[in-house]
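The following exercises concern the structure shown below.

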Amino acid sequence: MMSTLKYICSIILSGFLLSCGNTEGGPGGGSHPLQQEAVATAYTVRLPGSNPEEQAILLTQTVYPATREDNAVGAIILVPQDEKIAFTAMQRITHMPVNAPLLYLTEDNTISEQTLREMKRLKPDGVLQDERTDVYTVNVPPKEVEKVKELLGYRVRSFYEEDPVKLASVLDMWQAAMKADHPDEVIISAVDHPKGIEHGIGAMGWNAHMGKGFAWVYKDSIPQATIDILNRRYGDFGSFMYLTGGSDVISDKVAKQLGRYGLVRRIAGKNVFASNAVNAGYKDYGRNWGWWWDWTPRALGWGIAQAGHNYIIGNPDDMLYMIPAAVLGHMGKHGPILLVKPDSVPKATADYLKMVKPFKTGPQETILNFAWIIGDTSSVNIATQQSIDRLLSPFDAPVDTTSYLPEAPVLQEKKD
């Protein structure tokens, strides 16, 4: 009788507690409200930021639970919403030993309340090789830098250089001071071409993943700051330079002039979609420098030509969204960046995904592919996400990259 009474009381108490409100999850990334907006298919998950600042926060919440030392950031990069500055910073600061995701200022160059909250949640470990620096700011107004120091108590290293070409040189010297080395592999993009960043976004993702060198050129000339970067390399063959984009982006004249400083290669396709598909499959192996008994190798590029990999997929019109997404290749499910249109999968991207499409084995043994979709449905619509999912799937459902299912219907309220 007594045990029955206890059982009834426990049921009543449980019902009372449930009626008092919803329980919350643990302190990891999944408990944060932005993450609840992710839209998943079998082989994709969308991270749907509605603006660049929100997108960057959503990415840090996904990659860094910050519940203990091994899943915390080393530092944080804070930059204005400037594509060229963010692109340069992500190339040279993100990788180890820094381990830093990128967050944005607001459009009026202030730190918003939501970004401050996220910076506080991330609790940087500090970069041991750089006096335990917690935050790297690039062209952030001094009063906002002071806000970070006063409100969060973080140690800050600030870089001020409005010219992205010269900023690349500044960061090159800073990285060399930390690592006692200038990496001989140097990725090069066109700063004055309207699609220079789009052609180079995939290679930038590799740099965030591996921390090699970076420099800008003009379409038809080489700036002095870039010559300085290349002259710092001392390998037996000089620099190994990788141009992002074809001769319409970086001219053959510039490629020839760069040959004075080492070996030049292109990672290029006929458009931005093709350039980044080429980048996903590109690998350059070979000797770098050394003696006959102790050669240091070079190995640049993902070189992915088979199933079992991860991808970061987004819209080339939304580079401010895609730049911080490179952190998914640094500390998330490592993999290259691919580009799609808002309402279709371009042929170059589709052909690449068909090449690496998994083949069926047993349900529990199939090697699978996966993709993060960056941005909300105004950036990459639902039908395009579904097409990407079918391209990633090991099953043989036909994929038509020119015609798609209609958008999911929008539920409307009934009119009285």
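**Exercise 1: Contacts across the chain**

Determine what share of the contacts between residues at least 6 apart in sequence join residues at least 24 apart.

Solution. Contact means heavy atoms within 4.5 Å. Among contacts in the protein chain between residues at least 6 apart in sequence, 71% join residues at least 24 apart. This is a predicted model in which local features need pLDDT of at least 70, side-chain atom pairs count only at pLDDT 80 or more, and totals for chains, interfaces and linings use all residues. Residues are numbered from 1 along each chain as its sequence is written, and side-chain values use heavy atoms, with hydrogens and water left out.

**Exercise 2: The setting of K212**

Locate K212, decide whether K212 is buried or exposed, and list its contacts beyond four places in sequence.

Solution. Step one: K212 lies in the loop between α7 (196-210) and β7 (213-217); helices (H or I, at least four residues) and strands (E, at least two) are DSSP runs, numbered from the N terminus. Step two: K212 is buried because its relative accessible area is 19%, and buried means under 20% with a 1.4 Å probe, protein chains only. Step three: apart from neighbours within four places in sequence, K212 touches Q91, R92, P183, E185, W206, N207 and L300.

**Exercise 3: Confidence**

State the average pLDDT of the protein chain and examine residues 4-32.

Solution. pLDDT is the predictor's confidence in each residue, from 0 to 100. The protein chain averages 86, and 83% of the residues score at least 70. Over residues 4-32 the pLDDT is below 50, and this stretch has 15 contacts in the model beyond near neighbours in sequence.

Key
Buried means under 20% relative accessible area, exposed over 50%, partly exposed in between (1.4 Å probe, protein chains only).
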